[in-house]
Amino acid sequence: QVQLVESGGGLVQAGGSLRLSCAASGRTFTTMGWFRQAPGKGREFVAQIRWSGDSASYADSVKGRFTISRDNAKNTVYLQMTSVKPEDTAVYYCAASPRVVAPVALQYDYWGQGTQVTVSS
């Protein structure tokens, strides 16, 4: 049974840092990513990374502030968030696919339950 379990969310002040983790079980994945959804908004792409770890892409809104990485031995993907802003407040979801996919939610096959990130001003 495939499971994605996020952790690391919480309350952080603007300008601070936070690291999210997503531990996968049941199989390995070629592409792993992070999406987020703020209240009243749709789910938006944040970052994704491929198995090799040398191909990462980011949403323009987080480029230069967030870093995605993965530890294939642990089947875990991370999202290091720095210089966070109040507009980063959202539920963050881990997603995974056994294929090479575009940074689009509909192309991902598996999802975690989400972890809340709240940035105070």
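Accessible areas here come from the Shrake-Rupley method with a 1.4 Å probe, and for residues only the protein chains shown count as cover. On that basis, the protein has an accessible surface of about 6000 Å², with 48% of it belonging to carbon and sulfur atoms.

Some ground rules. This is a predicted model: local features need pLDDT of at least 70, side-chain atom pairs count only at pLDDT 80 or more, and totals for chains, interfaces and linings use all residues. Residues are numbered from 1 along each chain as its sequence is written, and side-chain values use heavy atoms, with hydrogens and water left out.

Now the fold. We have zero helices and 11 strands. Helices are DSSP runs of H or I with at least four residues, strands are runs of E with at least two, and numbering starts at the N terminus.

Next, burial. Of the 121 residues, 40% are buried, meaning under 20% relative accessible area with a 1.4 Å probe, protein chains only.

On to the core. A nonpolar core is a set of buried Ala, Val, Leu, Ile, Met, Phe, Trp, Tyr and Cys residues joined through side-chain atoms within 4.5 Å. The largest one has 31 residues. Met32, Trp34, Leu79, Met81 and Tyr92 have the most contacts inside it. Elements giving two or more residues include β4 (31-37), β8 (76-81) and β9 (90-97). β9 gives the most, with five.

Which residues does Met81 touch, leaving aside neighbours within four places in sequence? Contact means heavy atoms within 4.5 Å. Met81 meets Gly16, Ser17, Leu18, Leu20, Arg65, Phe66, Tyr92 and Val117.

Methods:
Buried means under 20% relative accessible area, exposed over 50%, partly exposed in between (1.4 Å probe, protein chains only).
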